[in-house]
Amino acid sequence: MPRWLQNLFAMPVSAMIPAEDMQRIADVITECETLHNGQICFAIERSLGLGNVMRGMTARDRAHQVFSHLRVWDTSRNSGVLLYMLTAEHRIEIVADRGYHEVVSGEQWRGICQLLEERLHQNEGADAVIAAIRQLSELAELEFPRVPSDVIDNELPNAPFVL
């Protein structure tokens with residue numbers, strides 16, 4: 001199916017992840033962020049819009065825009081990571097701040113995306129997203145471990161962004 005049709009007739013976000021599951025996702029992000037000094041942000045979007053598709057925008061391009069717009073890059077430890085889902089094209093993207101660049105490989109990010117995609121194809125919805133968030137948290141624990149003297153500083157909202 002052409003991309004423009006996928007984006008035009010995409011299912012609503014609530015069909016994939018109902019509102020009550022969005023709260024579960026927020027709760028898991030809150031829980032995970034007590035284990036490290038990383039900041040995890042989840043954003044989900046129904047479609048890119050026909051104009052963006054016709055201009056050649058990709059899910060990766062949009063993920064970078066969202067990363068910037070939500071200021072995921074603007075954390076004190078350069079520890080922000082965005083998990084972005086585009087439901088129309090069944091695309092998952094991860095964009096991480098520069099604090100991760102030396103220690104997390106592209107292959108590790110792709111592995112998380114692939115697992116999430118597989119679980120979404122099995123209609124696991126929120127459970128699939130939660131599993132991916134837990135994997136992101138494990139990576140954050142390695143690079144941004146919390147020590148007992150650390151104050152929990154929540155720099156980004158934990159609630160999912162429905163764009």
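In the predicted model, helices H6 and H7 lie roughly antiparallel to each other, because the angle between them is about 165 degrees and angles over 145 degrees are assigned to that class. H6 spans residues 106-121 and H7 spans residues 125-143, and their axes are 8 Å apart. The crossing in which H6 passes H7 is right-handed. On the H6 side, the contact is formed by Gln-108, Trp-109, Ile-112, Leu-115, Leu-116, Arg-119 and Leu-120, while H7 contributes Gly-125, Asp-127, Ala-128, Val-129, Ala-131, Ala-132, Gln-135, Leu-136 and Leu-139. By class, the residues of this contact comprise 11 nonpolar, 3 polar and 2 charged.

H7 also packs with helix H3 (residues 19-32), at an angle of about 15 degrees and with the two axes 10 Å apart. Since angles under 35 degrees count as roughly parallel, H3 and H7 are therefore placed in that class. The crossing of H3 with H7 is right-handed. In this contact, Asp-21, Arg-24, Ile-25, Val-28, Ile-29, Glu-31 and Cys-32 of H3 meet Ala-126, Asp-127, Val-129, Ile-130, Ile-133, Arg-134 and Ser-137 of H7.

The pockets of the model were examined next. The largest pocket has a volume of about 260 Å³ and is lined by 15 residues, with Met-16, His-90, Leu-120, His-121 and Asn-123 lying nearest its centre. Helix H2 (13-16), strand E2 (80-86), strand E3 (91-96) and helix H6 each provide at least two residues of this lining, and H6 gives the most, with 3 residues. The lining of the largest pocket consists of 7 nonpolar, 5 polar and 3 charged residues.

For the second largest pocket, the computed volume is about 200 Å³. Its lining is made up of Arg-60, Arg-91, Ile-92, Glu-93, Ile-94, Gly-106, Trp-109, Arg-110, Cys-113, Gln-114 and Glu-117. Both E3 and H6 supply at least two residues of this lining, and the largest share, 6 residues, comes from H6. In terms of class, the lining of the second largest pocket holds 4 nonpolar, 2 polar and 5 charged residues.

Notes. Residues are numbered from 1 along each chain as its sequence is written. This is a predicted model: local features need pLDDT of at least 70, side-chain atom pairs count only at pLDDT 80 or more; totals for chains, interfaces and linings use all residues. Side-chain values use heavy atoms; hydrogens and water are left out. Axes are lines fitted to C-alpha atoms, for helices over the stretch in contact, and angles run from 0 to 180 degrees between N-to-C directions. Helices (H or I, at least four residues) and strands (E, at least two) are DSSP runs, numbered from the N terminus. Angles under 35 degrees count as roughly parallel, over 145 as roughly antiparallel, 65 to 115 as roughly perpendicular and the rest as oblique. A crossing is left-handed if the near helix is turned anticlockwise from the far one by less than a right angle, and right-handed if clockwise. Contact means heavy atoms within 4.5 Å. Ala, Val, Leu, Ile, Met, Phe, Trp, Tyr, Cys and Pro count as nonpolar, Asp, Glu, Lys and Arg as charged, and the others, Gly among them, as polar. On a 1 Å grid over the protein atoms alone, a cavity is a set of points where a 1.4 Å probe fits but cannot get out, and a pocket is an open set with protein on both sides within 12 Å along at least five of seven lines; lining residues have an atom within 4 Å of a point. Grid points are joined across faces, edges and corners, and a volume is the space filled by probe spheres set on the points.
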